[in-house]
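Biologist: I would like to learn how to read a structure like this one, a feature at a time. Could you give me the general idea for each feature and then show me the case here?

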Amino acid sequence: MTRELTCIICPRGCALKIELEDGKILSVSGNSCPRGEQYAKDECCNPQRTVTSTVRCEAGRMVSVKTDRPIPKDKMFDCMERINAATAKLPVHIGDVILEDVFGSRVVATGNAE
Ligand code: SF4
């Protein structure tokens, strides 16, 4: 089986071709540097994403948040449920931790709310 991906690690956007057999990577081609090979392996075997969203604060205001590191892609829905169920205490400042230990990440504020 062949899978094609565009490397998103840098703006060059190399077109990657990954040869797979029984879920194992046989080869990666099209990458112009080793980071592209690693990206292809991660994306095929353990895809991860940074989650960005908003969380409700006391008094009903919303503040933007994100996970401070990527989480497994298949946990994004569960992560959103945790964020939607949370209420941040005011004041909130950029970098404040809103939720601890969400699939190995913390959810931090990317905005301010007084
Ligand atoms: S393979 Fe290397 S050069 Fe190509 S897009 Fe990825 S990081 Fe950039």
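Predicted model: local features only at pLDDT ≥ 70, side-chain atom pairs only at ≥ 80, totals over all residues.

Biologist: Which residues touch the most other members of the largest nonpolar core?

Modeller: A nonpolar core is a set of buried Ala, Val, Leu, Ile, Met, Phe, Trp, Tyr and Cys residues joined through C-beta atoms within 7 Å. A residue is buried if 20 or more other C-beta atoms lie within 10 Å of its own, exposed if 12 or fewer, and partly exposed in between, with C-beta atoms placed from the backbone. Here the largest core has 13 residues, and Val55, Val63, Val65, Ala88 and Ile98 touch the most other members. At least two residues of this core come from each of E5, E6, helix H2 (76-85) and strand E10 (105-109). Another core, of seven residues, lies apart from it and includes Cys7, Leu16, Val28 and Ala40.

Biologist: In what order do the five strands of the open sheet lie?

Modeller: Two strands pair if DSSP finds at least two bridges between them. The order is E8-E5-E6-E10-E9, and the pairing is mixed. E8 and strand E9 (97-102) stand at the edges with a single partner strand each, so one side of each has no neighbour in the sheet.

Biologist: Which residues are in contact with Ala88, leaving aside its neighbours within four places in sequence?

Modeller: Two residues are in contact if their C-beta atoms, placed from the backbone, lie within 7 Å. For Ala88 the partners are Val55, Cys57, Val63 and Ile98.

Biologist: Is Ser29 buried, exposed or partly exposed, and what is around it in the chain?

Modeller: Ser29 is partly exposed, because 14 other C-beta atoms lie within 10 Å. Ser29 belongs to strand E3 (residues 24-29), which pairs in the antiparallel sense with strand E2 (residues 15-21) over five bridges. In that pair Glu19 stands opposite Ser27.

Biologist: And where does Asn46 lie?

Modeller: Asn46 is in the loop between helix H1 (34-45) and strand E4 (48-49), and Asn46 counts as exposed because it has 11 C-beta neighbours inside 10 Å. Asn46 and Asp74 are 28 residues apart along the chain, with 9.5 Å between their C-alpha atoms.

Biologist: How is the protein divided into domains?

Modeller: Domain bounds come from an automatic or database domain assignment. In this case the assignment gives domain 1 (2-46) and domain 2 (52-109), and their centres, taken over C-alpha atoms, are separated by 30 Å.

Note on methods. Residues numbered from 1 in each chain as written. Helix = DSSP H or I, 4+ residues; strand = E, 2+ residues; numbered from the N terminus.
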